[in-house]
Structure formats: structure tokens, C-alpha cells
Amino acid sequence: MILPFLFLLSGTVRILARILHPTLDRDAIDYLNIATEMARISRAHFYLENPLNWIPPFYVQLVGLGINCGFPAEGFGVGVNLFLGALLPVVLFLIAEKLFQNRAAAVLTGVSAAFAPVLIDFSIGALREPSYFLFFALFFYALLRMLESPRWYWAAGCGAFTMLAYFCRFEGLETAVFFLAAIAWAAVNRTIAVPRALLLTLSNLLAMAATLVVGIYLFVIPLAFLGRQFFRLSCRIANW
Amino acid sequence: MFLFHLSEKLFEPIVIAALLGWGLVFWRGTAREKYAATAIGALLVWMIAWRYALVGTRRYFSVLILLLLPMCGIAFCVLHRLIRERLGGKIAARISVLLFALLLLGCILKTFRPAPYSQALQAASEWIQAESERYRSPALIYLGGDCRIEYYSRIATVAPAGVPHEIPNPDFIPLLSRTLRQYQYYGDILFFVFKTPARAPLLTGEELELGSGQWQFLKRFRMDKRNRYELRVYAYTPGPEAGAAKGMLRSSTPPPADEAGRNWLKNGDFEQAAAPRERAQIVKILAGRGLSYFCDENLMMPEGWRLTAPPYELKPYDAAQAGLVSPGLSGTYAFGMRTDKTLVLYSYEAVNCGNYELTFSLESIRESRLAIIVYYAESAFSAGLQENTYGVLRFDANEKRTCRIPIQIKAIPSAGMFRIGFALEYGEITLDQVKLTLASPELQAQQ
């Protein structure tokens, strides 16, 4: 009962907030314009025309898909975020429950997530954050489950959510570092045996690679773009 | 300061509750809670540290809220446990519920507080859209790069690059004045919108060197409660007299050739097709970019003209097309252009500087935007060509028009010779009867 309650509560709060604040963010208009353009011409054509303005594809291509199915850009873009934003408190509830083994703390976490202004602000616009936050939270849930019972599929889930978060925002890749740190910590503490830790890491890497390949295929991403992103990140780190 | 801004972004009561959570857990939490709080704290420090080092914008930090919320939840549980040990279960429950309710109330007030000024942009855009319905061909110019104005107003919009956004900038008024002249053919009314400090004086027509009645302040929209900034909407109306004197003639009749004097452009009526060798020169740049359409040897090109495109604009897969088409708007041939990205046709022979009038007949097959560009240099066309846009015109689908544009090349001190260019930004047009004649004495006097 708690999970549907949290979903309905956060969904209602977000819908009311959207009614009260209908003006979209400046970035949101950019994303909607990109999605509309992608729907108008082919995605591959769009990437060839805009090689310098590439953004992670998950959200804009999802909106583009909605436009191709006949939905209005703004309605679909905001609708997707309202849905994903309403799911987030549910996942945070599950995380808090695993983390503290305390049902009351989990409920309070879920309810406060349903009303947190920053989460609501992102959910009522056409922005990439709600999808990124959701995959980020799902990664942590999978990580906690893996640390609790070290099965390969939780490790693979972590890998898949890492890549999905990466397809929403580039900094989603940091979850890969969290996974490695967590598995190393568990191996050092001997909560997970070293061979099992290696197996989990392998499943994680394979899932990441598989999700990346499927994502590149589904999102029609030119490989040069990914290389450029890694190159830019390396340059920034080097400059720093 | 950074942490203050960060907590403002994430909402202070939640940050305070989460910090309280860490404090309470480390003071009286269970071993598991301490372990979890330590892990979350370590993650938080790592995430803040690399973001602080590598990225500047605060939006990157908003994901931290996902780590703060569980700490926020556990804070009230540990608090309840502590109070229950000392004051009993009922009081503990009441105090915890009250504090949590206060936190939620803060969140609700923050989210649902009425903010009428936050919608100034949308309100201004919708107001402009309503106003524009009275005009045949309205357009909107905005500065500041906020694409929401275009999105909500849904009328033809241009965001000229190169005009500074702030009024105190000394270049603002001269550049704005020049921009308004460039866009005077763009519509029968140009709404002009930008954000400005509320204390700044209104822009007047005299400052912009516009005629009386051409520049009008329409409305202001407050953007914040303290009235520091506002959106101002002005209207620039070139007017029928401006259109007749130095703008466009909205008729389908071509100008009388005899009265117009000598045409300084070679093959302005596009009646002479280029020989194969010259044809290759005309399309050299586009063919060199891999646009296979222009490699066709049967393609007819006009003598005395050249085709080009700005750097990075046209790629091999683009569907740009251009060439002589028959029948012409008058005569056997006209020049047809079709593109989704800027394609430029320019006269190859340079003309000495002076005050001229450019006239041309044009038929638009679909909605199009055309800029009239002058490429000029001090003496010869060796290197360092500069360009100046003399007008940006918008055409609806299936529209026939004859346009007359004054070219005041003499006003530019560094210009000695120049070429005329037609830059089709998008659309499909047929161009004919291009004439460059010395300006009439009346027009010379006005200029």
C-alpha cells in the first residue's frame, strides 16, 4: 500500500505544481526544439548537422518518439517527467528501507521526496534531470541489494543503470566509480569473497557494455561523439 | 558562500534536517545507521568535491538531494527515539510529527507560493501574440537569447547576434539602430522585447534615429517582486511612407527599366547561361564541399554570378539546389534556389561604391527568408572582405513581390568596391530582374 500511496501523492503534488507554474525553463524549450527537430528529420541527420551541440540522447529522443506518435512536444515532455518524478519517491523509499532497515524512516524519506521543491521543479518541466535522478536512484537500490545478497543480476543491474544515467547526463558515469568503490570495500571487509567480487565486477562491466551497445544502436549515436565526450572530460581533468 | 548557495538550491530546511540527521545518528544512532550515514556522507563529499573542481553550474549539484532525503527521514526517527527515552511515546510522536509537518509546510509554501512575476516572459509573449493578430505580417525581435519568447509568442522571430544584451553597454544603441534597419523589411510591425533594469530610461525613437511614430513603447512586465528588472515591449513600425521611400513595394509589377537607369550588375535578368568552363567556376565551392547536385554538367548557371555558402553550413547530404529555371518571371530564364540552410548567390563583378538602389522580382514557392548582403573591400577583392546585411526579408508561400532596397555603400568609409549577395537562409524562391541602379536624387537626399 505504501508504494502506490507514495506514487499517487507525489504525482498529485507535481500535477498541482505544474498547473500553478506552467512556464517552462529556458533549457526545456531547447530540449523540446531539439526533440521536434529530431522528429522532423532523421536522428542521424540531426546529429550530422549538429556535431558540436550533442547532448545525452535519452530524454530528447524519448520526447522525439512521443512527437512521432502524435503527441504534442510540451505535453509529452512534461508528462514523461511527471511520471518519472512521481516514481522517484518510491525508489527513495526502497533505498531508505534497505539502508536503515527502518520502515518509518523510509516512509518519511518517501514523503519528503514527494514534497521536495527541487525535485518538483525538475519534474514539472521538460528537463533531463528526472530521468537521470531516477536511474541514479535505481543504481543505488541495485547496489544496496547487491551488497545485501551478492547476486550477479544486481551487479548487472548496477551496470545497466549506470549507462542509462549516462545517456541522461554525462556525470551519470560517476556511478561506475561508486560501484567499484563499494565492491572493493566489501572485498576488503570480507563481506563478499574476492572471487565473488570479481564475478560481480565482470557482470557489471558486461552489463554496462551491453547497455552501451544497445543504446548506441537505439539512439543512433555516432561513435565519434562518445569519443569526443571522453576526450573533453580528460582535457578538463588535465586542465584542473 | 558556495555551501550557502548550494543549500539555497536544495532548499535550506531539507539541508538543515539532513545535517541534523547526521548529527543525531552519530550521537545516538544504531551501528547500522552510523554505517549508512558514514557511507552517504562519504558519497556526498566526493560528489561535491569533483563537481566543485570540474563544473560551475549549480544544476549539477541538484542530484545531491537524493542523498540528503534519506538522512532527512532518519533524522526524525532518531529524534523520536531520543525524545521517547526521556519524555515518553506520546509526546515524542507529537513533537516528531509536528517537526516533520513544519518541514513539509515549508516545502509546500516554497512550491505553491504564488509567483506572478515568474511568468512575465510567458505573459509578455502571449500579449504580443494577441496584439500581433491585428497585423498582416508581424515579427518579433528579442535580445538575450531566451528562446521562450519565440516559443510562447509563436510569431516569426529573429534573435540578431552581435547586439549586446545590456542597455548600459555603449554599443547597444548604435547596433540596435542598425539591426532595426536591417529588419525593416521583415514585417509590417516588429515587436522588440528585452529584459532591462526597471530604473533604466525608456528607449526613444530619436536615440535610434527613427522617424516619428516608427518607434513606440507598448508595455512593461515586471519580472520580480522588488521590481529590479522588467521586460519591455516596443513596436517598430517601418510604415507605408518608409516602405515607399526606402523599403519594398508590395506589388507584382516589375520596376520600369528605362527610368531605373543603368544596371550595374552583369546579367541581372539571368538571360545568359554560363559556358561550361565558367559554370564549373560558379559552383566550385559547393561542388568542392561534396554537394553532388552541383556536379551535374547539365545544370545551367547564370553568367556573372557565383554560388557559395557560409562555412559549416552546407554538407554533402544537404538538399540544396540552385540553377536557371525556365520560364522566368519575365523573359526566358530566372534563377531558382531551394535550401534549408544558407545558400548565397552573389554578383561576381565588383561595383564602385556609391548610393544605389537594388530592385528585384521574387516569387516564393514556400515560406522563405532572404538576406541582402553586401560584400565590400577597400580597393580590390583580394582578401579581407567584409559584409553588411542591408535587409532581411520574409516571404510567405506562393508570394510574388518586387522589392527595392537602398544600398548606402558610400556611408561606409572603408568600402571602395562591393558585390551584392542574396543569402537564402531557408525556403524556395525564384529570383529575376535584379537591378542595381544609382539611387534617385530624392532618395540620395533622404540618405
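**Helix packing, burial and salt bridges in the predicted model**

In helix α8 (residues 172-182) of chain B, the buried residues are B:F172, B:L176, B:S177, B:T179, B:L180 and B:Q182. The model is predicted. An α-helix has 3.6 residues a turn, so residues three or four places apart point the same way. Strands contribute to the cover over the buried residues of α8(B). Among them are β1 (138-142), β3 (189-197) and β4 (215-222) of chain B. The cover also includes β5 (229-236) and β12 (386-395) of that chain.

Chain B as a whole contains 13 helices and 14 strands. Of its 447 residues, 49% are buried. Contacts in chain B between residues at least 6 apart in sequence were also examined. Of these, 72% join residues at least 24 apart.

Two packed helices are described by the angle between their axes and the distance between the axes. Helix α4 (residues 65-87) of chain B packs against helix α5 (residues 89-112) of chain B at an angle of about 155 degrees. Their axes are 7 Å apart. Angles over 145 degrees count as roughly antiparallel, and α4(B) and α5(B) are therefore roughly antiparallel to each other. The crossing of α4(B) past α5(B) is right-handed. On the α4(B) side, the contact is made by B:C72, B:F76, B:L79, B:H80, B:I83, B:R84 and B:L87. On the α5(B) side, the contributors are B:G89, B:I91, B:A92, B:A93, B:I95, B:S96, B:L99, B:F100 and B:L103.

Charged pairs were examined next. Side chains of opposite charge can pair when their charged atoms come close. Over all chains, the structure holds 20 salt bridges. In chain B, one of them joins B:E357 and B:R404, at 3.1 Å from N to O. B:E357 lies in strand β11 (residues 355-377) of chain B and B:R404 in strand β13 (residues 399-408) of chain B, so the pair ties together parts that are 47 residues apart in sequence. B:E357 is buried, at a relative accessible area of 11%. B:R404 is partly exposed, at 25%.

Strand β11 of chain B also holds B:R369. The side chain of B:R369 meets that of B:E425 in a salt bridge, with an N to O distance of 2.6 Å. B:E425 lies in strand β14 (residues 417-438) of chain B, so this pair ties together parts that are 56 residues apart in sequence. B:R369 has a relative accessible area of 17% and is buried. For B:E425 the value is 21%, which makes this residue partly exposed. The cut-off for burial is under 20%.

A:R169 forms a salt bridge with A:E171, and the closest N and O atoms are 2.8 Å apart. Both A:R169 and A:E171 are buried. A separate paragraph of contacts concerns A:K98, A:R145 and A:E148, which are linked in a network of salt bridges.

Cysteines form no disulfides in the model: the count over all chains is zero. A:C69 is in no disulfide, and the nearest cysteine sulfur, that of A:C168, is 19 Å away. The disulfide cut-off is 2.5 Å. A:C69 is exposed, with a relative accessible area of 57%. B:C353 is partly exposed, at 30%.

Notes
Residues are numbered from 1 along each chain as its sequence is written. Chains are lettered from A and ligands numbered from 1 in the order in which they are written. This is a predicted model: local features need pLDDT of at least 70, side-chain atom pairs count only at pLDDT 80 or more; totals for chains, interfaces and linings use all residues. Side-chain values use heavy atoms; hydrogens and water are left out. A salt bridge is a side-chain nitrogen of Lys or Arg within 4 Å of a carboxyl oxygen of Asp or Glu. Buried means under 20% relative accessible area, exposed over 50%, partly exposed in between (1.4 Å probe, protein chains only). Helices (H or I, at least four residues) and strands (E, at least two) are DSSP runs, numbered from the N terminus. Axes are lines fitted to C-alpha atoms, for helices over the stretch in contact, and angles run from 0 to 180 degrees between N-to-C directions. Angles under 35 degrees count as roughly parallel, over 145 as roughly antiparallel, 65 to 115 as roughly perpendicular and the rest as oblique. A crossing is left-handed if the near helix is turned anticlockwise from the far one by less than a right angle, and right-handed if clockwise. Contact means heavy atoms within 4.5 Å.
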